[in-house]
Amino acid sequence: MNIHEYQAKDLLASFGVPIQRGKVVDKIEDVETVIDEVATEYEASQFVVKAQIHAGGRGKGGGVKFSSNKASALENAKTILGMNLVTHQTGDSGQAVRKIMITEALDIESEFYVAITLDRVTSRHVVMVSTEGGVDIEEVAANTPEKILKEWVVPGFGLNVFQARKLAYGLQLDGDIFKQTVSILMKLFKAYEKSDANILEVNPLVITKQGKVIALDAKINIDDNALYRHKDIQEMRDIHEEDPMEVEAGKYNLNYIKLDGNVGCMVNGAGLAMATMDIIKLKGGDPANFLDVGGGASVETVKNGFRIILSDSSVKAVLINIFGGIVRCDRVANGIIQAVSELDLSVPVVVRLEGTNADIAKDLLNQSDLKLLTAGSLEEAADKVVAAVV
């Protein structure tokens, strides 16, 4: 689960990480009051107005503006709040800005990049730093990978001080700045570990002209499987930043991810779902979604899955591929029959059912008089659904 910058900063501050201070506002009529509060509480005469969306590249898209005075901040806030912000991560459709953050402006001497995530190759956490802060780290990794320094951390042991010192040395820091950075790296790792984050990124971590090391920005993604341990973080969820169909699928415990293709997929089991999408691609098709109905799918689950798939206007055909182990094929067949009977079906549907009660399921489908295409193998099903799209 992603959280906003202001939420990530609050989380980091709770672990003692110094942050760029500011306040959030979501109503135009409250903007001037918030600017005055930031000016008074943080003794700020210059400001930065930041769009709060779950995407990077906000600055390049016009969602981050330096404001030299109150009047400029007020003008920028009115421009950004409510705008449709398009970045390289939002896609062409963009994302509506429902909240902005008014922060103090800082005198920046230099910028660095810091991130912590899990390296699945080594099964260790990895702490990364770079002198190339404030830019797209993907460009640095592609063009100058030697500028990214890494330290691997064994899960359960935590980041050692000598590792944090090694990273700070790698950034060519010394004196009090060195000490501050080491302390911040230790606190960042603690925040990452204690919050069950998938990734924690500070880009940039800045050194001000006053000699302070401060997190100017923050991005944190929390492991969904650990959210039950973090009721406070659960409350930070902003469904406006999520795909509406994925939110709807979550209500029925369906694992749904929208993709860019035109072949809707309903499968039980993540592995089978991946294999199904692979063979659709192999046959020249393009999956429109990943939808795993789970091992205990009921009639209602299948109906809701069907409804969500068909709510995507880009879907031109549907492939249902179910292996009946825990879930019985006849139960799935009944769900398909009910869904197709109740919905205004305008696209071809290919059904492949194998496993527990598969023969009963096939009889149910054949006796339903519905316009369904059946297949005996996954390859045959993929051939039929791709042909149906064309």
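How do α11 and α12 run relative to each other: roughly parallel or roughly antiparallel? In this predicted model, their axes cross at roughly 20°, and an angle under 35 degrees counts as roughly parallel, so α11 and α12 are roughly parallel to each other. Here's a quick look at that pair, and at how α12 is packed.

**How the two helices meet**
- The axes of α11 and α12 come within 7 Å, and α11 passes α12 in a right-handed crossing.
- On the α11 side, the residues in contact are C329, D330, A333, N334, I336 and I337; their partners in α12 are A358, I360, A361, L364 and L365.
- Sorted by class, that contact has nine nonpolar residues, plus one polar and one charged.

**The two sides of α12**
- α12 spans residues 358–367, and A358, A361 and L365 are buried in this helix.
- Those three cover an arc of only 60° around the axis, which means they sit on the same side of α12.

**What sits over the buried side**
- The cover on the buried residues of α12 includes α11 (329–342) and the strand β17 (349–355).
- A358, A361 and L365 are buried, and each of these residues also turns up in the contact with α11.

**Just past the helix**
- D369 follows α12, and its phi is positive, near 60°.

Key. Residues are numbered from 1 along each chain as its sequence is written. This is a predicted model: local features need pLDDT of at least 70, side-chain atom pairs count only at pLDDT 80 or more; totals for chains, interfaces and linings use all residues. Side-chain values use heavy atoms; hydrogens and water are left out. Buried means under 20% relative accessible area, exposed over 50%, partly exposed in between (1.4 Å probe, protein chains only). Helices (H or I, at least four residues) and strands (E, at least two) are DSSP runs, numbered from the N terminus. The arc is that of the directions from the helix axis to the C-beta atoms. Contact means heavy atoms within 4.5 Å. Axes are lines fitted to C-alpha atoms, for helices over the stretch in contact, and angles run from 0 to 180 degrees between N-to-C directions. Angles under 35 degrees count as roughly parallel, over 145 as roughly antiparallel, 65 to 115 as roughly perpendicular and the rest as oblique. A crossing is left-handed if the near helix is turned anticlockwise from the far one by less than a right angle, and right-handed if clockwise. Ala, Val, Leu, Ile, Met, Phe, Trp, Tyr, Cys and Pro count as nonpolar, Asp, Glu, Lys and Arg as charged, and the others, Gly among them, as polar.
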